Amino acid sequence: GNGRTRRASLGTEDLEEAKGKLSEIIVRGAPATDRTPLSIVLERYFQDRTDFLPSAKPARHAGKLFLECWGPLVRVHVLDARKLKEFVDWSASHGHSMSYIARNFSVVAAALAHSDPKLDVPMKAGAILDKWPDLKDTPKRKLFEPTDGELARLLAQPMPEGLRRWLLNSMATLGRPTAVAQLTPGQRDRREGLISLNPEGRRQNKKFRPTLREPRTMTKWLNEWEKCTNGAPMSMNQPYCAYSNRSSIHTVLRRLCAAEKAALPRMALYSIRHRGTTVLRTAKVPKEQIDYQLGHVQQGARTTQDYGQYEASYLAEAAAALDAWIGRVLRQSNKLAAKARQAA
């Protein structure tokens, strides 16, 4: 386009292979039309957009599912309602829920919108069921909620320090998995005894990240961790857990639950959040405090001003209930760990 000659090796001395590679370069570089292979449209979208986002891995997996169902050579012009229904039926036969199918549809819709072609793709589970009323959604899988004894058994097992910190911070905050993994010393207000789950500079979204009161036990372990991590004091921007993404936490947690001494059902990353919610309700913590602790608030609606601007009573009942719960679980865990050491 600028009049300059650009040269690149095709990496082969075989003429036919070189022709194929040259054709691929031409096709990939050409403007997208309704005759463009879907694989190329998806790859452009991933490289231009999702590969730079936390959702890169799920997006590419969604693209893989479409090509598995429709074949690697499917072109955009054949994608119609019949073809979409084919993917829904194929996904349902593999046990995928309508909400999961809808999330995958959102990837292909965004990829097509990112290119020239466009297709009316339903991107919510309800929209899929409205479009094809004969479909039935898979039953929602019940999330495993561990008992205090099961959590104690889990914490009594040898585990990576990063996972232990993530588990303890999850119990103390009931935050969403990623928010807990990203917690840093810079998010604490030590004078007021508060910790913000929303790091400075991050814009709030529908998954609201609140500012919470630190349970006393959490304050103790955070102070200890900050004194020395890997032989040096922690910086203000250093995460306590050192996990880069949710899948890393999930992999380690799944292995730990499957260990012979733990022998737990497979825990989801949200299992502790659900268990902690039950603990708060059982302790008769006011609903407003529970909702705020979980980040279940609308932006601009009821926020910190419901409790005063971080006065002493702010989320005090929620923090006290979590403190008592953590104490119970850790006492059980320490007893189990002591027995294991004696047996060894």
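Modeller: The second largest pocket is lined by 14 residues, and those nearest its centre are Leu-155, Ala-156, Gln-157, Ser-333 and Ala-337. A pocket here is an open set of points on a 1 Å grid over the protein atoms alone where a 1.4 Å probe fits, with protein on both sides within 12 Å along at least five of seven lines; a lining residue has an atom within 4 Å of a point. The model is a predicted one, in which local features need pLDDT of at least 70 and side-chain atom pairs count only at pLDDT 80 or more, while totals for chains, interfaces and linings use all residues. Residues are numbered from 1 along each chain as its sequence is written, and side-chain values use heavy atoms, with hydrogens and water left out.

The space in this second largest pocket comes to about 320 Å³, the volume being that filled by probe spheres set on grid points joined across faces, edges and corners. Three helices, H7 (148–155), H8 (161–173) and H14 (316–343), each contribute at least two residues to its lining. Helices (H or I, at least four residues) and strands (E, at least two) are DSSP runs numbered from the N terminus. The greatest share of the lining comes from H14, with six residues.

Pro-158 counts as exposed because its relative accessibility is 72%; exposed means over 50% relative accessible area, buried under 20%, and partly exposed in between, with a 1.4 Å probe and protein chains only. Although 179 residues separate Pro-158 from Ala-337 in sequence, their C-alpha atoms are 9.0 Å apart. Ala-337 is also one of the residues nearest the centre of the pocket.

Leu-315 lies in the loop between helix H13 (287–294) and H14. The phi angle of Leu-315 is near 55°, a positive value in a residue other than glycine, and Leu-315 is buried, with 0% relative accessibility. Thr-147 sits in the loop from helix H6 (125–131) to H7, where it is partly exposed at 40% relative accessibility. The C-alpha atom of Thr-147 is 9.7 Å from that of Ile-272, a residue 125 positions away along the chain.

Another loop joins helix H10 (216–227) to helix H11 (246–258) and holds Ala-242. Ala-242 has a positive phi, near 65°, in a residue other than glycine. Ala-242 is exposed, with a relative accessible area of 64%.

The strands form an open sheet of three in the order E1-E2-E3, with antiparallel pairing. Its edge strands, E1 (188–189) and E3 (211–213), each pair on one side only. Strands E1 and E2 (residues 194–196) are joined by two bridges; pairing requires that DSSP find at least two bridges between two strands. In this pair Arg-188 faces Ile-195 of E2.

The loop between E2 and E3 contains Asn-198, which is buried at a relative accessible area of 14%. Its side chain makes a polar contact of 2.5 Å with the side chain of Arg-202. Such a contact is a pair of N or O atoms within 3.5 Å; within protein, one must be able to donate a hydrogen and the other to accept it, and residues adjacent in sequence count only if both atoms are side-chain atoms. Leaving aside residues up to four places away in sequence, Asn-198 touches Gln-187, Gln-204, Arg-209 and Pro-210, contact meaning heavy atoms within 4.5 Å.

Overall, the protein chain has 14 helices and three strands, and 42% of its 344 residues count as buried. Of its contacts with a separation of 6 or more, 64% join residues 24 or more positions apart.
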